[in-house]
Number of protein chains: 2
Amino acid sequence: MSDRFHFTLHATDGRARTGTIHTPRGEIRTPAFMPVGTAATVKAMLPESVRATGADILLGNTYHLMLRPGAERIARLGGLHRFMNWDRPILTDSGGFQVMSLAALRKLTEDGVTFSSHVDGSKHMLSPETSMEIQRLLGSDIVMCFDECPALPAPEEDVAKSMRLSMRWARRSRDAFGDRPGHALFGIMQGGVTPELREESAEALKSIGFDGYAVGGLAVGEGQEAMFGVLDYAPGFLPTDKPRYLMGVGKPDDIVGAVQRGIDMMDCVLPSRSGRTGQAWTRRGQVNIKNARHADDPRPLDEHCTCPACTGYSRAYLHHVFRAGEMISGMLLTWHNLHYFQELMAGLRGAIAGGRLDDFVADFHATRAEGDIPPL
Amino acid sequence: MSDRFHFTLHATDGRARTGTIHTPRGEIRTPAFMPVGTAATVKAMLPESVRATGADILLGNTYHLMLRPGAERIARLGGLHRFMNWDRPILTDSGGFQVMSLAALRKLTEDGVTFSSHVDGSKHMLSPETSMEIQRLLGSDIVMCFDECPALPAPEEDVAKSMRLSMRWARRSRDAFGDRPGHALFGIMQGGVTPELREESAEALKSIGFDGYAVGGLAVGEGQEAMFGVLDYAPGFLPTDKPRYLMGVGKPDDIVGAVQRGIDMMDCVLPSRSGRTGQAWTRRGQVNIKNARHADDPRPLDEHCTCPACTGYSRAYLHHVFRAGEMISGMLLTWHNLHYFQELMAGLRGAIAGGRLDDFVADFHATRAEGDIPPL
């Protein structure tokens with residue numbers, strides 16, 4: 001059994017769940033936050049540092065990797081894990097979302113999407129079949145179906161049409177994926193903010209059968225209220241014995257709300273991107289280290305945080321190195337942010353296991369409401 | 001005795017020396033290479049990683065730190081060591097060299113140099129007295145005299161005039177430094193490529209008395225042959241019982257030649273700056289990781305190197321992340337370069353202690369002459 005991908009549910013608290021995803025490359029504790037390693041690196045971090053923050057799994061972007069350095073090249077070099085020196089699980093997206101948002105001159109047909117690379121203008125094709133092949137070449141542990149979704153708000157008939165295309169692509173993805181022991185294929189539910197479309201999508205996916213199910217088409221401009229509105233019912237359409245993955249989410253309060261609503265996995269560039277632009281996330285909310293108020297502040301970002309940035313450096317130092325354009329600024333703030341996100345996940349897992357999620361969430365919001373520590 | 005700065009000479013081999021500089025903040029094994037932490041960070045590195053490469057001491061730049069974040073601010077925050085999270089020895093330069101090469105609108109008088117900041121255009125003054133005060137505020141363990149030197153080649157009378165001004169400034173630096181147990185003040189020999197001027201400068205410094213002596217005014221455009229020409233005689237003018245520091249050097253073969261000629265300490269931005277521009281230094285010479293020949297190469301930069309870049313990553317990966325503009329490129333190559341430089345120093349120390357420096361140097365040149373490994 002050890003080489004089979006499977007999910008064990010340990011405890012629930014309300015709709016929230018905690019469990020373990022077992023893979024041949026290691027266990028993933030859920031709810032899990034997956035740092036994003038777009039181009040075979042979590043920006044500004046060494047992989048051992050990412051692991052030290054508590055991450056069990058990374059996300060890689062098929063779109064970026066197929067264009068540079070190329071999936072065939074990565075396969076020749078032993079696969080993405082070896083290439084980027086990360087031996088634990090990797091989930092790859094299908095490229096579908098990013099080809100629609102990043103590529104130039106894209107053209108969508110029933111077959112797939114043709115597009116020009118944003119790197120060098122070269123022509124490429126992504127379809128359910130090519131996406132499965134590229135993710136296989138990368139050696140991804142969790143492969144995502146190739147899908148398509150409109151930005152929200154969008155007319156319901158556009159959302160329905162897009163969802164049904166994605167369901168036909170889900171079938172083709174499943175067929176192309178085949179049987180790969182130890183590797184998982186996740187379906188992606190679409191349907192925007194319309195319950196009937198979400199249910200139709202979930203039924204279509206379940207009839208195909210997947211190792212896990214993503215809630216797609218959120219975090220695309222609809223706002224937290226609409227997102228939580230969908231999460232209030234959509235996870236209920238999915239099997240309870242498979243992991244549920246909310247793609248592209250999110251801010252700490254998005255994460256907490258999603259976990260409360262039964263989500264097991266999430267990913268977002270936020271902690272790493274914020275770290276490179278001088279934004280830190282703490283229990284007390286966001287800190288803009290660029291602000292002049294930090295220039296003489298000898299205190300750490302968060303005195304309770306055990307990350308290297310908080311145990312070794314003052315706000316004054318972090319302010320200085322950001323202003324001076326030094327790489328250590330992005331390195332330390334990214335580490336802090338990833339550490340904070342993983343600590344939040346560990347807190348959520350413990351609270352669910354202990355049946356005290358409501359108290360944990362109340363504390364989470366109360367501490368944030370206090371805001372950052374006042375200037376000295 | 002433990003809180004006193006002193007130098008112990010362990011062995012010599014020809015003119016080369018190996019020893020230990022004892023400071024209250026730790027020992028410095030000589031010959032020593034000091035990575036440069038210009039703005040309170042060795043670029044692209046965390047301080048614990050710099051230490052892991054084998055560095056016993058860092059260099060900080062007075063000119064940069066006085067302008068941003070300011071010496072008084074660093075003093076209020078507990079000094080440079082605490083500010084940058086490095087508790088081992090730090091040497092600071094005097095600001096003299098950099099104010100002449102970097103500042104705008106500088107004006108030199110007997111008293112010192114007035115200049116405008118390259119950061120914000122603000123007016124500043126550096127003199128022997130202000131340089132000593134700034135280095136005291138930073139908390140530097142090894143303080144350098146404030147001096148001045150012309151770029152080479154220069155007319156001998158300009159070199160002589162400049163050297164004599166620097167010697168008057170050395171006297172003022174010594175007086176301003178005062179008595180600071182546990183902290184050292186180094187004099188800086190000038191005199192260009194003229195033996196008589198070098199000797200005059202050395203005699204002036206010895207009559208004042210310093211804890212160590214730098215050979216200044218080299219690595220300023222004169223070339224390796226001229227530099228080695230000076231090093232063939234100039235260290236002989238200095239006391240044998242004090243450390244000798246060659247400022248701003250250099251490439252690996254410069255370092256080896258300087259150590260053969262009796263130099264104990266060196267510093268250079270080369271390993272860190274090269275790392276950020278895709279240049280690696282190995283036993284076999286320089287490797288330009290940008291080169292397309294590396295794109296599919298599964299081999300490490302140097303199969304014998306134990307640094308994280310060489311034990312975890314292929315040339316293909318390093319090529320990819322450099323091309324993609326990823327921060328991990330500068331992080332890994334800087335680490336490798338600093339590791340290689342420190343390994344070279346350890347090799348030189350061991351060879352001198354074992355009386356086999358000639359063999360070590362012959363091997364060093366023979367391995368470099370082989371050049372980088374051929375493409376697969």
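**Close-up 1. Helix 13 meets helix 14 in chain B of this predicted model.** Here you're looking at residues 315-323 (helix 13) and residues 327-353 (helix 14) of chain B, whose axes come within 7 Å and cross at roughly 130 degrees. That angle is why helix 13 of chain B counts as oblique to helix 14 of chain B. The crossing is left-handed. On the helix 13 side, B:Y317, B:L318, B:V321 and B:F322 make the contact, and on the helix 14 side it's B:I328, B:S329, B:L332 and B:L333. Sort these contact residues by type and you get seven nonpolar, one polar and no charged.

**Close-up 2. A look into the largest nonpolar core.** This core has 102 residues, and A:L80, A:Y317, B:L80 and B:Y317 are those with the most contacts inside it. Take A:Y317: leaving out residues up to four places away in sequence, it touches A:I328 and A:L332 in chain A, plus B:A40, B:T41, B:F83 and B:M84 in chain B.

**Close-up 3. Helix 6 of chain B and what follows it.** Helix 6 covers residues 128-138, and its buried residues are B:P128, B:S131, B:M132, B:I134, B:Q135, B:L137 and B:L138.

**Close-up 4. B:S116 in strand 8 of chain B.** Strand 8 spans residues 113-116. Is B:S116 buried or exposed? Its relative accessibility is 5%, so B:S116 counts as buried. Setting aside residues up to four places away in sequence, B:S116 touches B:Y63, B:A103, B:A104, B:L105, B:G121, B:S122 and B:K123. B:R284, by contrast, lies 168 residues from B:S116 in sequence and 43 Å from it in space, C-alpha to C-alpha.

Technical notes
Residues are numbered from 1 along each chain as its sequence is written. Chains are lettered from A and ligands numbered from 1 in the order in which they are written. This is a predicted model: local features need pLDDT of at least 70, side-chain atom pairs count only at pLDDT 80 or more; totals for chains, interfaces and linings use all residues. Side-chain values use heavy atoms; hydrogens and water are left out. Axes are lines fitted to C-alpha atoms, for helices over the stretch in contact, and angles run from 0 to 180 degrees between N-to-C directions. Helices (H or I, at least four residues) and strands (E, at least two) are DSSP runs, numbered from the N terminus. Angles under 35 degrees count as roughly parallel, over 145 as roughly antiparallel, 65 to 115 as roughly perpendicular and the rest as oblique. A crossing is left-handed if the near helix is turned anticlockwise from the far one by less than a right angle, and right-handed if clockwise. Contact means heavy atoms within 4.5 Å. Ala, Val, Leu, Ile, Met, Phe, Trp, Tyr, Cys and Pro count as nonpolar, Asp, Glu, Lys and Arg as charged, and the others, Gly among them, as polar. A nonpolar core is a set of buried Ala, Val, Leu, Ile, Met, Phe, Trp, Tyr and Cys residues joined through side-chain atoms within 4.5 Å. Buried means under 20% relative accessible area, exposed over 50%, partly exposed in between (1.4 Å probe, protein chains only).
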